[in-house]
Amino acid sequence: MSATTQLPATPTPSTPSSRVGGGTPRPPQRLRRGGLRSERPGVRIAAWATVIVCGGFGLLPVYWLLATSLTPRDQVFAYPPRFFPAAPTLDAFASLAANEQLFGYLRNSVIVSVITAVLSVLVSAYMGYSFSKFRYRGRRSLMYLVLASQMFPQALLLVTLYSVFSAYNLLNTYTALVLSFTTFTLPLCVWMLKGFFDTIPDELIEAARVDGASRLRIIHSIVLPLAAPGLIAAGLFAFVRGWNDFVFALTLAGPEKQTLPPGLVNTFIGEASTAWPELMAASLVVSLPVAIAFIALQKYLVGGLTAGAVKG
Amino acid sequence: MTHRDVAMSSSQTHTLEHRKSQTTPRRLSDGQFAVLLLLPGVALLAGVVLYPLIAALVTAFFEQSLVLPGRTFVGLQNVVEVLQGDFLRLLRQTMVFTLGTTILPFVIGFALALALNTRIRGAKVLRGLMLIPWLVPGVVVSFLWMWIFNANYGVMNALLQGLGLVDDPQAWLAQPGTAMGAVILAKTWQSFPWMMVMLLAGLQTVPVELHEAAEMDGAGTVRRFFSITLPHLKGIVGLVVLLEFIWNFQHFDIIYVLTGGGPAGATQTFATAVYETAFQGYDLGKAGALGLLWMVLLMALVVVYVRFSEKGEER
Amino acid sequence: MSTNPLMQSAVSRRRMLQLLGIGAGTAALAACAPSAPAASGGAASAAATGGARTDFAFSSWSFTEEAAAPALEAIVKAYEDHADVTVNDVSFPYNEYINQLTLQVKGGQFTGAAHVDVAWLGSLAAMGKLQDLSALTEGRGYTDAALAAAQFDGVQYGLPWTIGAIGLVTNSALLEKVGVSGDAFPTTIDEFEKTLKDLKGLGGGLIPYAASTKAAQLKDILIWMETFGSPLVDGDTVTIGDDASVEAVTWYKSLYDQKLIAADVDRFDARSLFAQGRAAIYDDAPVGRGAVTEESPDKDLGSKLVPVSRPVLKAGDTPRALVWGGAIAVVDGEGAATAADFAQFATSDLDTVLADYEVRGLPPVTTEAQQSEVVSSDVFGSLFNERITATSSSNPFWAFTAYSQIETEIAEQVQAVLVGKTDPKTAMQQAGEAAQKLIG
């Protein structure tokens, strides 16, 4: 899984053409950036030492997750534990595959995360565009408010959301989950997309206007295609946040519409809390879709997250 | 208090001036269109964020149960009870958790970013691998560290005993002295990759020419780090630290699943306390009062931050 | 309960509707006299529930437990065949169960049959959505004691299902290593502690007594408080904070400090440790037998399981045990009528109950089932009955609707003592005050 973390071309207004052409971000001028060409041995040693220590911290737990998921259930209670499972087995994965309830959670997770991603991107594209390309009174205050709204504690919002959804008979529905998920996806999506729209030169929009395109048409056929990487990044981001949510689904989804994270907690925290191989196998399976989506689209995601934040 | 302000502080002044001239206000008729574009988002946020927030804060002044109908106005009684009760302990624990899970990932993420920004072999592959912990859902992080820290079969005890650092297996998650540290470590594991990616992206925008010129002038690695790299990263560092702080201040998942706020409330933060008060204690008034104090604190922090960052350019 | 009249009127209204719906004279007669002995299983319940049966939901924590789940699945299957309906399984793990169920019932998302710990009947009943099931109890052979256990405030909010107790379960092979035979388990707390020390001396990381130390099941401490002589509650006055409760917690803390009990253990951890042979004694209901024997690498563990009476303070005292029982309650709403019929079927149909017993081993509640060959020939079950259930008493806090919150307050304080954050006296006084406040 080689990772190329690319930034979208840095939004320097003096070279607007770098963004206009293909609609995909071009790699930055890599040759002149990044690490020094000549490195002293001391730097090299320090770098390796850092990588080994921090890398060990990052990756050993991942190894342990994998190793435990392959350990036969009767060996998992050996102490001290074996760092390499003696007789690796896929039993844990097989017993997961036989668990219909988990598939239900999986289906719910996919449905809810996808709808959340689409809704968030749609709504925040218009909002971000408005913030980026228009100037009006209250714009800045509103922007601040949107950005600040991610500071509002979820646990607190939940107190009311539960009662409101209950009153409108929306508990245990996908609607409740999607609406509650937007509380944390919208602010960052708006921020990311505004950053992307900022890199689209105003001249381009002016030109289209002079040609007689309507304002909506400009958005839909000029701006959005140009911002496609940003839309993908924001959508992916919203998907991942929705996929990972725990507390809203735990409280609002009920048993039928439960998503994977609380579903797993309900499955494995209880008697099965000692079924470590299965729990680790399930953990692995839950993490995979996000990892795959990320690896496939990571250049957009990292670019999107850093757009507007990193300037050359 | 916007991310743009943070970002702006790092950008060069000429860019800023250019942008200003570029984005002069348009004709007024655009205003209505712009507001129209905002409507769906504003309606959504008002419905699912603003209203719930205000309504939750209002319950602070009522005695109200989650499961029984009706409520009675009790004035400041809930707030007073919370202040006399757990508030200071919760505040201290929340701050320990928030600062710990902001500083530790920052240090690790920055160290890794610097290391991977050199030309060491396999940097790209390593960078990809390092992202894994960040992609893992919070509950999975909790499961994994629950298993690692397990008092009876955990690998952490085996490792430390093997190294001779502890004599007996420890119940890391069940001792007040170690539980918070364990929770912070688990959260750090999840967040450091994000810090690493952001800082690495920032590092790659530092012009090599500056380093080369400084090196020719005889500046050492350490000196160049402080006089060139760090000033360049000011904006991105401010941003990641701020965002991480905000997120961790209300973090819930890992604490709730890993320790449930225990042992004896030693890892309870505002987030878990509000949840448990409302959804296990069914005491909405007290949950609202906790939330109210929490928001007041947050606002105070915001004001301090805005004051602090006002030194930067105004847009 | 102020809600009772409302609920009763709801039930009678339903019965009126059923009368109109059925029309047939015999059924109407049966409905008018629900106390008439039933000729065969289902007659009385059919009358009580009216004509067409509908699909309904059934929630239980046992669906999440590997060893117990097959028993429930068999019952559900049997009822589906018997009544030609579909039962929708709903499950939450035991430790999360009452919170999740409360949220679901409160929001109106859950209706139907709910497996409940009899301890929770009060807090569920307070929401005003549980049906009074007294009409379904007649002629089914429920024992009076069992019926009483599934009542709250005198109303039959649940049909008793398995009423037993939680007591000490030992691994006789490990005990014999320190010279304690199955029939000579220490009877006083001092001897008990000495045995624990001997067990600790065996080494090998053995946990002598895997007592609950996680907040989730720290309620187990209450029975030790009673053993030390605290009544817990006297009328409406909480007595926690009295000398006996402080002594009990001080003693528990001393076991903890001597590592005779271990940190970070709840019922499920205890079962796992016991199954692995890492613990010699733990607290459980008979249902734990299936879980520990199935999980254990020792195929003979089943024959080494011996339930023992809880030691007492002074020789001659009556050993204490805490009633632990399951009931099926019916939450008003869609499918409730059939759910009530199911509750009766699951708890009192002889074949069903006996098949359930073979898997879960939890004491049945009808005289017929209790006297059956299957139950009386079960050595472990009989011993458990004789040594533990016989002298069991219910937790006095169950009489209060805020029971879960009271239990949480006490557990938090006991945990604070165990981890050394406070001393037993202060902690128990605070726990007592908090509990008193919740009682009102």
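Analyst: In this predicted model, helix α2 (residues 41–69) of chain A and helix α8 (residues 138–148) of chain B have axes that come within 10 Å and cross at roughly 85°. Angles of 65 to 115 degrees count as roughly perpendicular, and α2(A) and α8(B) are therefore roughly perpendicular to each other. On the chain A side, the residues that make this contact are A:Pro61, A:Trp64, A:Leu65 and A:Thr68 of α2(A), while α8(B) brings B:Leu144, B:Trp147 and B:Ile148. Sorted by class, the residues where α2(A) meets α8(B) are six nonpolar and one polar, with no charged residue among them.

This crossing can be set beside the contact between the two whole chains, to which chain B gives 95 residues and chain A gives 97 residues. On the side of chain B that touches chain A, the largest share comes from helix α3 (residues 29–58) of chain B, which supplies 16 residues. That side of chain B divides into 62 nonpolar, 24 polar and nine charged residues.

Chain B also carries an annotation from a record: the unreviewed UniProt entry marks as "transmembrane region" residues 33–62, 95–116, 128–148, 225–247, 254–275 and 287–308 of chain B. Two of these spans can be compared with the model itself. Residues 225–247 of chain B are 100% helix and 0% strand, with their end C-alpha atoms 29 Å apart, and residues 287–308 of chain B are likewise 100% helix and 0% strand, with 31 Å between the end C-alpha atoms.

Turning back to chain A, the domain assignment divides this chain into domain 1 (41–89) and domain 2 (91–306). The centres of domain 1 and domain 2 of chain A, taken over C-alpha atoms, are separated by 32 Å. Where these domains of chain A meet, nine residues of domain 1 are in contact with eight residues of domain 2, and the side belonging to domain 1 of chain A holds four nonpolar, four polar and one charged residues.

Chain C is likewise assigned two domains, but written in several segments: domain 1 of chain C takes in 4–32 + 48–139 + 148–159 + 324–364, and domain 2 of chain C takes in 166–320 + 393–439. Their C-alpha centres lie 32 Å apart, and the contact draws 17 residues from domain 1 of chain C and 18 residues from domain 2 of chain C.

How values were computed
Residues numbered from 1 in each chain as written. Chains lettered and ligands numbered in written order. Predicted model: local features only at pLDDT ≥ 70, side-chain atom pairs only at ≥ 80, totals over all residues. Contact = placed C-beta atoms within 7 Å. Helix = DSSP H or I, 4+ residues; strand = E, 2+ residues; numbered from the N terminus. Nonpolar A, V, L, I, M, F, W, Y, C, P; charged D, E, K, R; others polar. Axes fitted to C-alpha atoms, helices over the stretch in contact; angles between N-to-C directions. Parallel < 35°, antiparallel > 145°, perpendicular 65-115°, else oblique. Domains from an automatic or database assignment. UniProt positions renumbered as here; feature names shortened; annotations may be inferred.
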